[in-house]
Amino acid sequence: MRSCSCRSHGRRVAVVCAAWFAFAATAGFGEPRTALRLGVRYSPYRSYSQVNRDFPMVAGYPAFSADLVSLEGTLVLAGGRLTHLIRGAVVPPASVSSDDGTGQNYLLEPSLSRLSRAAISYGFEHRLFSLGAVDFLQGPLLGLLYEGRSLRYLSGQGESRRDLNVGIGPALALEAALGSGFALRSGFTGIFYLPYTSFGRLESVNEEGQSQSASYRPFTYAAVFELLLSWRPRSGGCIALGARKHDQIGFGGREPAFVPRDILASRMDSLHEIFLRVSLDLGTNAPGVDWGGANHGSGSRGGRDRDG
Amino acid sequence: MGAAAAAGGTVTGRAARLVAAGLLLLPLFSCTELFVRVERDRDWLVGESAGGRIVLHYRPPSHPGTSPEAAAVAQILANQELYLHLVQQEIGRGFSDAVLIYLYNPEEAEEAIGTAGGGHAIPERLCYYYTYLPAPYTPFQDPRAYPAYIGAHELVHVVTHRVLGRAGSKLLSEGYAVAIDGWMRIIPAAGGQVARARTVHEWMQEYHDQDPLDPPRILTPTELLSETDLEDVVYYPNAGYFVRLMLQRYGAERVNPLFPVPAEQLPGELERVTGESFAAMEAAYEAHWRSELAP
């Protein structure tokens, strides 16, 4: 009975999300203009332990840590009041260590522990309103995230988990033109990776070489706060420097569920990232297209000095 | 003058817009903090046991509250090193990683780890969090004779989950921990004194001897698999008592493979591994406790 109810609930969530996307994505899209953004991002990864399981939970040491460098590309397709964004990012395998809270690694063999990620997302932004030189943007985002983490403990035992997460959530942003080609943008994106559309596999090997494996269904929430300064030279294109606070929390149970039950994997990740990216106009009639709907909101506002 | 005022106005206007943007987005910082707060707590001293297998993080004397003294730290390290050896003996498997212990002062433990009378384990991190209970204690001679500062319960969780696999049922996860620890304590009274510390046998004896009009508190294996929401003080001793019998009756080598098996598959797997039907095993268990707990 319980699993039937959960499946039904999951279907309802999926239908509502699909309807939201379909309605919004087809509204207000005019003649397209395109740009390509290329970027590189440095992310000190910290995956914290669950120190207090009561709500609200407390995360702390020992933490798994890694220095991640990711490459990303975004295709920006702007038209009418909408800007569509198709983004891909990949994090090549990086070494993972641990920090017990005093800077010591008592747990992992860094040379044999690896973390890698890949993400694809589609979203669009819609300018809701403007206040002076500040535009308020919003829109949904559909994201797919793969993460593989393979840990080798100092004793030789190992544990790896790989999960594929599909989620949806809102994106909000404020963009302010500062003049002289500079713009400042702060944005928030929240993505709920749903347990009904996400899948994980956990494998462990003990010191004697005996292995265990189990499947889990992750339910995680990612919150990204971004602050970005951009500059558009008169020659076209755009260059941007930004910082992000990226947190992802959640759990994976044996069965898909929104409440913690029979947990096999948990996630309390925090990344403080910096990034640099360059936008290239691709046959656009709106120089400097990078991200925001404000650039393309109306004829009178087209071509403003923005990046996002 | 006019140009300067205009320029000043522009700058002020830009600043105002930036502040407005920042204020609008400020609440969003707390989006994950509503659910999880990250404490980058680095106020620890670290002690290692002689064998280097136990790494105890404890509060320095300058930390608010009652921090452990050197003698207590040495005692805990020795206890845990010995317990680690005994846990491996009980399950018949080796474990050579270090175990990290984070010992919180009693005044902060409730807020920090959710309990002021015990702790919990995170086997993936080879660690557990525990409350320092500055109660008088007996110098450690026999781990089964005295309830140590920190029992073996959480240590068993770390070792079994790493060596035998992620637990598939609460029965075996808690059952192994209670059976191997041998003790169960509840509720620290005022001043950090442990109100009740008893062996598993003593708990079960009390349940056996209680008023027969009370609800029965000796659970059958079927109830242990299904009624996992019972209060700990009832569930834990029952699970430990049952697992103790399983280990004695079938041996760790045959019981260990059942550890990661999900609860709903456990009866079938038990029959397959032991060659004995679940019904027969239940009957044998009842006969055992009726005999052992008889006045």
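Start by selecting B:Gly165, which has a positive phi of about 110° and comes just after α4(B). Keep in mind throughout that this is a predicted model.

**Stop 1: a covered helix**

Now step back to helix α4 of chain B, residues 153–163. Is this helix mostly covered or mostly open? It is mostly covered, with 11 of its 11 residues buried. Click through the buried residues, including B:His153, B:Leu155, B:Val159 and B:Arg162. To see what lies over them, show α2 (70–91), β4 (99–104), β5 (119–122), β6 (127–131) and α5 (170–181) of chain B, which are among the elements that cover the buried residues of α4(B).

**Stop 2: where the chains meet**

Next, bring both chains into view. How many residues does each chain give to the contact? Chain A gives 48 residues and chain B gives 46. On the chain A side, β2(A) is the biggest contributor, with 6 residues. Color that side by class and you will find 26 nonpolar, 15 polar and 7 charged residues.

For one example, select A:Val58 together with its bridge partner in β1(B), B:Arg37.

**Stop 3: two hairpins in chain A**

Select β5 (residues 114–131) and β6 (residues 134–152) of chain A, which run antiparallel and are joined by 15 bridges. Pick A:Ile120 and you can trace across to A:Leu144, its bridge partner in β6(A). These strands make a hairpin with 2 residues between them, and A:Gly132 in the turn has a positive phi of about 60°.

Carry on from β6(A) to β7(A): this pair is antiparallel too, over 19 bridges. Here A:Gly139 has A:Ala171 as its bridge partner in β7(A). In this hairpin 5 residues sit between the strands, and A:Gly156 has a positive phi near 110°.

**Stop 4: how confident is the predictor?**

Finally, color chain A by pLDDT. Its average is 84, and 81% of the residues score at least 70. Which elements of chain A have the lowest and the highest mean pLDDT? Helix α1(A), residues 2–26, is lowest at 56, while strand β4(A), residues 97–99, is highest at 97. End your tour at residues 285–308 of chain A, where pLDDT stays under 50; the model has 97 contacts beyond four places in sequence for this stretch.

How values were computed:
Residues are numbered from 1 along each chain as its sequence is written. Chains are lettered from A and ligands numbered from 1 in the order in which they are written. This is a predicted model: local features need pLDDT of at least 70, side-chain atom pairs count only at pLDDT 80 or more; totals for chains, interfaces and linings use all residues. Two residues are in contact if their C-beta atoms, placed from the backbone, lie within 7 Å. Helices (H or I, at least four residues) and strands (E, at least two) are DSSP runs, numbered from the N terminus. Ala, Val, Leu, Ile, Met, Phe, Trp, Tyr, Cys and Pro count as nonpolar, Asp, Glu, Lys and Arg as charged, and the others, Gly among them, as polar. Two strands pair if DSSP finds at least two bridges between them. A residue is buried if 20 or more other C-beta atoms lie within 10 Å of its own, exposed if 12 or fewer, and partly exposed in between; C-beta atoms are placed from the backbone. pLDDT is the predictor's confidence in each residue, from 0 to 100.
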